[in-house]
Amino acid sequence: MIDPQLKRGLLDICVLSVLRRGDSYGYQIIKDLSGCIEISESTLYPILRRLEAAGCLTVYTVEHSGRLRKFYRITAAGIGQIDQFLVSWPEIQRIYDLIKESAGYDAQAVSQ
């Protein structure tokens with residue numbers, strides 16, 4: 001199980017990455033993430049509110065089937081968050097390698 005704090009940061013980047021492909025709404029974001037990571041509505045909407053408050057995305061509404069649907073659009077600050085994550089990735093990989101090595105982890109042995 002992933003540490004909740006680590007997962008929270010990864011979910012933020014995953015949501016921003018989906019929005020970098022184009023504007024979207026909650027249910028579609030969940031569907032787009034489903035192949036990568038499991039996320040529920042009760043998890044997604046606080047993330048969207050937090051990212052909006054941080055200036056990483058903006059929100060607008062569109063009428064759809066007689067109802068208003070909230071759409072989310074990534075901002076330059078959101079793109080900056082993704083870029084910062086990608087720059088940090090080599091350090092994250094070194095930490096992963098250290099942990100794996102110290103645990104004597106052998107991926108091939110575990111998968112067999």
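View 1. D12 is buried, with a relative accessible area of 15%, where buried means under 20% relative accessible area, exposed over 50% and partly exposed in between, computed with a 1.4 Å probe on protein chains only. The model shown is predicted, so local features need pLDDT of at least 70 and side-chain atom pairs count only at pLDDT 80 or more, while totals for chains, interfaces and linings use all residues. Residues are numbered from 1 along each chain as its sequence is written, and side-chain values use heavy atoms, with hydrogens and water left out. D12 is placed in helix α1, helices being DSSP runs of H or I with at least four residues and strands being runs of E with at least two, both numbered from the N terminus. Not counting residues up to four places away in sequence, D12 touches I47, R50 and L51, a contact meaning heavy atoms within 4.5 Å. The side chains of D12 and R50 meet in a salt bridge, at 2.7 Å from N to O; the term stands for a side-chain nitrogen of Lys or Arg within 4 Å of a carboxyl oxygen of Asp or Glu. This pair links distant parts of the chain, with D12 in helix α1 and R50 in helix α3 (residues 41-53), 38 residues apart. R50 is partly exposed, its relative accessible area being 27%.

**View 2. The packing of α1 with α3.** Helices α1 and α3 pack at an angle of about 75°, with their axes 10 Å apart; axes are lines fitted to C-alpha atoms, for helices over the stretch in contact, and angles run from 0 to 180 degrees between N-to-C directions. The two helices are therefore roughly perpendicular to each other, since angles of 65 to 115 degrees count as such, those under 35 as roughly parallel, those over 145 as roughly antiparallel and the rest as oblique. From α1, the contact is made by R8, L11, D12, V15 and L16, and from α3 by T43, L44, I47, L48, R50 and L51. By class, the residues of this contact divide into seven nonpolar, one polar and three charged, where Ala, Val, Leu, Ile, Met, Phe, Trp, Tyr, Cys and Pro count as nonpolar, Asp, Glu, Lys and Arg as charged, and the others, Gly among them, as polar.

**View 3. The packing of α1 with α2.** The angle between α1 and α2 is about 105°, and their axes lie 10 Å apart, so that these helices, too, are roughly perpendicular to each other. Here C14, V15, V18 and L19 of α1 make the contact with I29, D32 and L33 of α2. The contact of α1 with α2 has six nonpolar residues, no polar ones and one charged residue.

View 4. On the α1 side L10, I13, L16, S17 and R20 take part, and they meet G78, I79, Q81, I82, D83 and F85 in α4. The residues of this contact divide into six nonpolar, three polar and two charged. The side chains of D83 and R20 meet in a salt bridge, at 3.4 Å from N to O. D83 lies in helix α4 and R20 in helix α1, so the pair ties together parts that are 63 residues apart in sequence. D83 counts as partly exposed at 35% relative accessibility, and R20 likewise counts as partly exposed, at 41%.

View 5. The side chains of D23 and R73 meet in a salt bridge, at 2.7 Å from N to O, one of three salt bridges that the structure holds. D23 counts as partly exposed at 30% relative accessibility, and R73 counts as partly exposed at 39%. S24 lies in the loop between α1 (4-21) and α2 (26-33), and at 5% relative accessibility S24 counts as buried. Not counting residues up to four places away in sequence, S24 touches L19, I29, D32, K70, F71 and Y72.
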